[in-house]
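Please view the sequence and structure first.

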Amino acid sequence: MNLIQATVLLFLIMDPIGNLPIFNSILKNRPAHESVKIIIRELVFAYLLLIGFLILGDYVQSYLSLRVSTLHIAGGIILLLVAMDMVFPGIGMKMVDGNEEPFFVPLAMPLVAGPAAIAIVLILGSSQPASTITWVIALSISWSLAALILVPSPWVFKFIGEKAARILKRLMGMILIMLAVQMFLNGVELYVGTNF
């Protein structure tokens, strides 16, 4: 995987466009300036979490004695579940109370830094530790692009509308399904190649 592929994959997994309706629903009772402050704070939390997993990925893998093939297969399964929820919504994202200020959950995690994003950065950090700087750049670019969409989300959501956001989310979900299957198959291929 190269810089562009990793950036695109991470951007799709963060799914800023598909998350617009959820962000809007959670923050709809707050003034726009307060919503923007909350979104920025949650995006920073998500970024720090992902960077931590990326940098410590190799240590996590060796400490837990995880094979790269295991990370690929688990990441593919998690990514497939996330993608299926994007294509067939309603599998279960619970919202916070409209009067309660979201803190870390659910905006930072699992919406931006969800299980699939964590699995991907773990795979990148552990399978190619020599390219950590490349993966940090990819994560930073994809996070910045997501922030450009999510920070002004109260206005963006009004501009594109709920139907367009749903269509884009399902389109991204279809792309992620293909990537998830490929990741799963890569893991199986790695496992078979090292054991047989």
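Q: What is the handedness of the crossing of H2 and H7?
A: This is a predicted model, in which local features need pLDDT of at least 70 and side-chain atom pairs count only at pLDDT 80 or more. Residues are numbered from 1 along each chain, and side-chain values use heavy atoms, without hydrogens and water. A crossing is right-handed if the near helix is turned clockwise from the far one by less than a right angle, and left-handed if anticlockwise. The crossing of H2 and H7 is right-handed.

Q: At what angle do the axes of H2 and H7 cross?
A: H2 covers residues 16–27 and H7 covers residues 132–150. Their axes, lines fitted to C-alpha atoms over the stretch in contact, come within 10 Å and cross at roughly 40°.

Q: Which residues of H7 does H2 meet?
A: Contact means heavy atoms within 4.5 Å. From H2, the residues involved are Pro 16, Ile 17, Asn 19, Leu 20 and Phe 23. In H7 they meet Ala 146, Ile 149 and Leu 150.

Q: How many of the 13 residues of H6 are buried?
A: Buried means under 20% relative accessible area (1.4 Å probe, protein chains only). H6 spans residues 115–127, and its buried residues include Ala 116, Ile 120 and Ser 126. H6 is mostly covered, and the number buried is eleven.

Q: Which residues does Val 36 touch, not counting residues up to four places away in sequence?
A: Val 36 lies in helix H3 and is buried, with a relative accessible area of 17%. The residues that Val 36 touches, with that exclusion, are Val 151 and Trp 155.

Terms used: Axes are lines fitted to C-alpha atoms, for helices over the stretch in contact, and angles run from 0 to 180 degrees between N-to-C directions. Helices (H or I, at least four residues) and strands (E, at least two) are DSSP runs, numbered from the N terminus. The expected span of a helix is 1.5 Å times one less than its number of residues. Buried means under 20% relative accessible area, exposed over 50%, partly exposed in between (1.4 Å probe, protein chains only).
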